[in-house]
Amino acid sequence: MASVLAALGMSGAGRLHRDALVVDLHADTLLHVADAGRRFGVRSRTGHVDLPRLREGGVDVQVFAVYVAPRYAPTGGHRRAIQLLDAFDREAGVSGRVVLCTTVEQIRTAAATGKLAAVLSIENGEAIGDRPERLDGFWRRGVRIMSLTWNGSNRLADGVGGTEHGGLSALGRRVLQRMQRLGMVVDVSHLSEAAFWQVLEATRGPIVATHSNAAAVHPHRRNLTNDQLRAIGRRGGVVGVNFYPEFLGGDTVEHVLHHVDHMLRVMGPDHVALGTDYDGIGRTPRGLEDVSRMPHLTEAMIRRGYAPEVVRKILGENALRVFRQVWGR
C-alpha cells in the first residue's frame, strides 16, 4: 500500500509536507520500547510510532516522552526514568537511523541526512524526586524538556486533578530555577491552572504545552483556557495540538483543525505546533490513525485555506524557534 505522502505526490500539500521540517512534540513510544519490546526500526502492527511509519509520515523530529507514571512515586521515579532513557539508547544504537539531538543545528543535520532527529522530554517531575540536582544528570543524558507533573499532585506542583500545594511547591520553584539555568524547556501540559500561572511568574522566556488543546473548543480539564493560550503566546511559546479524541471533542481530522483554527485566532500563527500524544492515547482521529498518516493533516490545512507559510510554522518551524531560543543554539 502506498504511503499517504507518496499518494499526495507532487500536489501542493505533498510538496509542502515533504519540504517542511515536521516536528511532533510528544509521543509515548518509549513505554512500548521498554515494556513491550517494540523496535524503532521495525514496523509494528500495534501502536502509532516506529521508524518506517515516521518516514512514511514525513516526520523529521520526534520528541520522545520519558513518562514516569505516578505509581513509581515516591521512591522509584528516578529509576524508572533511567530505565526509559536506557531503552532509548539501546534502540537508537541498534537502528542506526536515530540521532539524539540537543541543538537545532543537530536537528537540521539529522534531517538533511535522512535520519530521525530525536529529542528527549521528561513527563512528570517525579523523575527527580526531591533532588533538583538530578536535572544535571538528565541534562547530560540529553533531556531538553520537562513537565513538572502528570494529572495529580506530586512534590513539585499540582496537576489538573490535584490541589495539594495550591499550585507550585517550594521545591517546584527550585526545580524551575535549575531548569532555566540549564536551558531546559518548561512544559506546562498537565498542570493545574493555579500552577500554570505560578510557573509563568517564576520563569522567563518561552514555555510550551507540548500536548494540549483549547478549552474554548472542548471544555476538558486537560485543555487550556484562552487566557492561558494568550499568555503562552505573549511569552513566545507554543502549544502542541493533541490528537486524543477525548481532548478534541471528536474523532476526525476536522476536530483537530477546530482546535488549530481557534489557537491561530487566539495566539497567532507563531505559537501553534503539533503534539500528537501518539502511543499514549487509546484512540486516534479517523484519518490520523498513526504517524504515517500525518500528511493528511497538511492536506486538510491546505484545503482549509491556510497559507503555506502558516502550515510550515505549525508543522515545525514554531517548535524549532522555541528550541533555539531556550537551548541557545
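Biologist: Let me start with Arg293: how does this residue count by relative accessibility?

Modeller: Arg293 counts as partly exposed, at 25% relative accessibility. Buried means under 20% relative accessible area, exposed over 50%, and partly exposed in between (1.4 Å probe, protein chains only). A word on the source: this is a predicted model, where local features need pLDDT of at least 70 and side-chain atom pairs count only at pLDDT 80 or more, while totals for chains, interfaces and linings use all residues. Residues are numbered from 1 along each chain as its sequence is written, and side-chain values use heavy atoms, with hydrogens and water left out.

Biologist: Thanks! Which residue forms a salt bridge with Arg293?

Modeller: First, the general idea: side chains of opposite charge can pair when their charged atoms come close. The rule here asks for a side-chain nitrogen of Lys or Arg within 4 Å of a carboxyl oxygen of Asp or Glu. Arg293 pairs in this way with Glu289, their closest N and O atoms being 3.3 Å apart. Glu289 is partly exposed too, with a relative accessible area of 35%.

Biologist: How many salt bridges does the rule give?

Modeller: The count comes to 19 salt bridges. One of them joins the side chains of Asp86 and Arg141, at 2.9 Å from N to O. Asp86 lies in helix α5 (residues 77-95) and Arg141 in the loop between α7 (134-140) and β5 (143-147), so this pair ties together parts 55 residues apart in sequence. Helices (H or I, at least four residues) and strands (E, at least two) are DSSP runs, numbered from the N terminus.

Biologist: And what separates Glu299 from Arg303 in helix α13?

Modeller: Those two are four residues apart in α13 (residues 295-303), about one helical turn. Salt bridges that share partners also make a network of Asp50, Arg53 and Asp290.

Biologist: Now the helices: at what angle do the axes of α8 and α9 cross?

Modeller: Two packed helices are described by the angle between their axes and the distance between the axes. The axes of α8 (residues 170-182) and α9 (residues 193-202) cross at roughly 50 degrees and come within 10 Å. Axes are lines fitted to C-alpha atoms, for helices over the stretch in contact, and angles run from 0 to 180 degrees between N-to-C directions. The two helices are therefore oblique to each other; angles under 35 degrees count as roughly parallel, over 145 as roughly antiparallel, 65 to 115 as roughly perpendicular and the rest as oblique.

Biologist: Which residues make the contact?

Modeller: Arg173, Leu176 and Gln180 of α8 meet Gln198, Val199 and Ala202 of α9, where contact means heavy atoms within 4.5 Å.
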